[in-house]
There are 2 protein chains.
Amino acid sequence: MDLIKAAYVATEPDRDPSTLAENIAREQSLELTRELIPPAIAESLLGRVLSVERLEAGRWRFEIGYPVELASGQIGQLLHLLYGNISFYPRIRLEQLVLPEPLLGELPGPRAGLPGIRAWVEVPQRALLMTVLKPRGSSPAVLADLALAFARGGGDLIKDDQNLVERDAVAFRRRVTACAEVLARAADETGRRCLYLPHVAGSGDHLHRQLDVVVELGLAGVVLCTWIMGLETAASAARARKLMWLAHPAMAGVLTEPADRGIASPVLLGTLVRAAGADISIFPGPGGRIRSRQFSDIEATCRALTRPMGSLAPTLPCFGGGKTLDQAPEIATAQGPDCALLVGGDLIGRGADIRADTARTIDALDALTRP
Amino acid sequence: MDLIKAAYVATEPDRDPSTLAENIAREQSLELTRELIPPAIAESLLGRVLSVERLEAGRWRFEIGYPVELASGQIGQLLHLLYGNISFYPRIRLEQLVLPEPLLGELPGPRAGLPGIRAWVEVPQRALLMTVLKPRGSSPAVLADLALAFARGGGDLIKDDQNLVERDAVAFRRRVTACAEVLARAADETGRRCLYLPHVAGSGDHLHRQLDVVVELGLAGVVLCTWIMGLETAASAARARKLMWLAHPAMAGVLTEPADRGIASPVLLGTLVRAAGADISIFPGPGGRIRSRQFSDIEATCRALTRPMGSLAPTLPCFGGGKTLDQAPEIATAQGPDCALLVGGDLIGRGADIRADTARTIDALDALTRP
């Protein structure tokens with residue numbers, strides 16, 4: 001039988017570790033005591049404990065196999081299966097995840113992903129530079145000026161700040177149109193395209209009207225706050241419009257950052273975000289105002305986003321949270337070229353020098369991969 | 001200016017507490033250093049520190065006011081505003097939330113809520129009894145038999161287990177129809193209606209096809225896993241079909257259960273779930289396999305769901321996670337009558353006695369409010 005293999009670490013387990021492992025396998029699959037589950041259903045659908053291993057004092061590792069059918073081919077149900085109810089258990093952390101072939105074959109994966117984004121911006125090798133339009137409250141013209149200066153400097157990617165949210169699609173259209181127009185102008189001047197990703201938020205008709213505007217304007221992608229609107233909701237909204245999407249990690253830190261509970265960054269912002277089909281996954285990464293708790297998490301999250309995974313395209317890892325232009329070459333040297341670096345406030349603070357400083361940073365990133 | 005007032009507790013702050021409070025106010029509102037924010041925008045949109053107070057050793061309480069406009073009248077954006085980026089900060093917990101009148105006036109609130117559900121099931125006073133249809137893998141006939149026995153015993157509410165998920169709407173329709181039909185039959189026999197809430201999951205067209213089935217069958221509500229599909233996504237999906245909805249807390253434990261981070265249960269599963277318009281909010285509550293970490297959380301979550309809050313109807317608090325029939329009267333005595341008690345496995349395990357044991361439990365709950 002094909003199993004989804006999930007490895008959990010329990011810290012100071014509140015009961016006998018083997019019992020706890022069995023409890024998790026049951027809680028997450030059929031949520032019923034063993035004797036009440038008909039044998040045929042237990043055989044085909046009950047989660048099973050594959051191993052129980054003592055790590056250092058007070059920590060135990062359980063590997064649990066879930067019959068692949070339990071995910072129903074849906075990312076939302078997969079999340080539920082992996083961590084739904086046990087989010088209420090004390091000190092259980094999902095550390096590793098292996099998805100079996102049949103499930104990988106059902107997942108859409110990124111439409112464009114890392115290679116598609118490289119092709120779109122025509123940057124085959126080096127690390128990419130992204131900036132963010134903010135603050136909320138700025139006029140469309142001010143945001144467009146920022147976008148224009150960055151694009152003229154040769155910047156690769158622009159995202160809206162996730163605080164940019166309008167109550168109506170008319171205001172959304174006005175702002176996004178202003179930015180899209182200057183970027184078209186910059187592309188004519190420079191001969192290179194800068195990929196602009198507006199932030200689309202809300203629900204129902206309001207969400208759909210914003211997505212319609214993005215498509216009408218001929219834009220290629222959007223920013224979605226996946227842990228607010230729902231990972232699968234975000235994926236299907238983008239897929240229905242054939243849009244690329246950047247998965248923003250707002251709210252996800254409560255899962256990735258604790259040492260003793262939640263879901264490790266490589267699983268949550270790596271494997272699961274890629275499985276859902278995000279083309280870009282932002283996470284803190286090294287340096288800056290917000291940074292990943294462990295260096296090993298950064299490496300492992302990048303690997304989960306880019307290593308072979310069925311036929312799924314790799315997702316572009318993007319480091320965000322207060323990085324500076326000056327850090328960019330250093331981070332790209334340490335992490336390799338297959339990433340994007342998000343520089344927001346530090347770029348905005350350069351005012352009249354945005355264009356020149358962007359150009360100098362792009363040159364420095366280029367130099368790292370020049371033969 | 002109308003402010004959303006959020007009180008955070010920082011445990012062992014990683015910097016000077018007053019600085020940290022200012023950092024949170026900025027991070028969550030405009031995400032830009034102070035000197036880069038134009039004064040007019042800072043004036044109208046920057047979060048502001050209202051108080052910084054030392055609690056016991058190592059713990060500090062910050063009250064922060066966010067201009068109400070930052071929520072854009074959207075529940076998703078409100079969540080983002082309250083905890084989005086700082087979910088990556090170390091040891092910050094949102095403990096209290098006060099929403100100002102103008103925002104309360106924009107929120108839909110529950111369609112039916114506690115009074116509407118009482119009216120629907122015609123139980124004006126006592127605590128309500130709910131069961132759950134499971135395990136996944138059972139035939140529609142087996143699940144329908146369980147529903148029928150519970151309804152014949154006078155049970156009030158039935159929810160689908162959140163593991164009940166189909167890949168196609170045809171299988172969903174077959175299962176839900178089987179249960180709806182026996183419940184209609186039971187209502188004819190008993191003269192009382194049992195409220196059946198199917199679990200609806202997934203995204204996009206698949207989600208909408210399931211909701212269509214629910215409406216076609218004339219059912220009144222659904223179960224939605226709000227922390228998987230997105231709180232606002234869930235709310236708008238139900239509202240568009242004029243359905244009642246039960247907010248299931250899968251995944252939410254990672255927010256509510258830690259002592260030093262996340263969002264306290266009274267805010268998350270109380271105020272925010274009610275603001276989004278859930279008619280029923282499940283949370284662990286007292287007793288059973290999964291229970292709330294702190295007794296005070298239970299009281300406070302119930303209060304947040306039911307106390308006066310603008311013109312929003314109260315939401316029915318429901319305690320779930322392995323409660324037993326025998327515990328029901330005791331829990332209802334302790335918590336008062338304005339709650340529902342979810343009994344799953346314990347009821348299923350009673351087999352041929354489900355009907356009689358349900359009837360006896362309903363009698364016991366009735367007796368508590370009999371004059």
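This is a predicted model: local features need pLDDT of at least 70, side-chain atom pairs count only at pLDDT 80 or more; totals for chains, interfaces and linings use all residues.
User: In which order do the 5 strands of the open sheet in chain B stand?

Analyst: The open sheet of chain B is built from 5 strands, and their pairing is mixed. Strand E2 (48-54) and strand E10 (262-263) of chain B each have a single partner strand, so one side of each is left without a neighbour in the sheet. With these two at the edges, the order reads E2-E3-E1-E4-E10.

User: Which residue is the bridge partner of B:Ala6 in E3(B)?

Analyst: Strand E1 of chain B covers residues 3-11, and strand E3 of chain B covers residues 59-67. The two pair in the antiparallel sense over 9 bridges. In E3(B), the partner of B:Ala6 is B:Ile64.

User: What angle does the direction of helix H12 of chain B make with that of E4(B)?

Analyst: Two helices of chain B may be considered in turn. Helix H3 (residues 75-83) packs on the sheet and touches E1, E3, strand E4 (92-98) and E10 of chain B, with its direction at about 130° to that of E4(B). Helix H12 (residues 265-276) of chain B also packs on the sheet, where it touches E4 and E10 of chain B. The direction of H12(B) makes an angle with that of E4(B) of about 40°.

User: How many of the 12 residues of H12(B) are buried?

Analyst: Helix H12(B) is mostly covered. Its buried residues include B:Pro266, B:Leu268, B:Val273 and B:Arg274.

User: Which helix supplies the largest share of the side of chain A that touches chain B?

Analyst: The contact takes 58 residues from chain A and 59 residues from chain B. Several helices of chain A each supply at least two residues of this side, among them helix H2 (39-45), helix H3 (75-83) and helix H10 (231-240). By class, the side of chain A has 25 nonpolar, 25 polar and 8 charged residues. The largest share, 5 residues, comes from H3(A).

Conventions: Residues are numbered from 1 along each chain as its sequence is written. Chains are lettered from A and ligands numbered from 1 in the order in which they are written. Two strands pair if DSSP finds at least two bridges between them. Helices (H or I, at least four residues) and strands (E, at least two) are DSSP runs, numbered from the N terminus. Two residues are in contact if their C-beta atoms, placed from the backbone, lie within 7 Å. Axes are lines fitted to C-alpha atoms, for helices over the stretch in contact, and angles run from 0 to 180 degrees between N-to-C directions. Ala, Val, Leu, Ile, Met, Phe, Trp, Tyr, Cys and Pro count as nonpolar, Asp, Glu, Lys and Arg as charged, and the others, Gly among them, as polar. A residue is buried if 20 or more other C-beta atoms lie within 10 Å of its own, exposed if 12 or fewer, and partly exposed in between; C-beta atoms are placed from the backbone.
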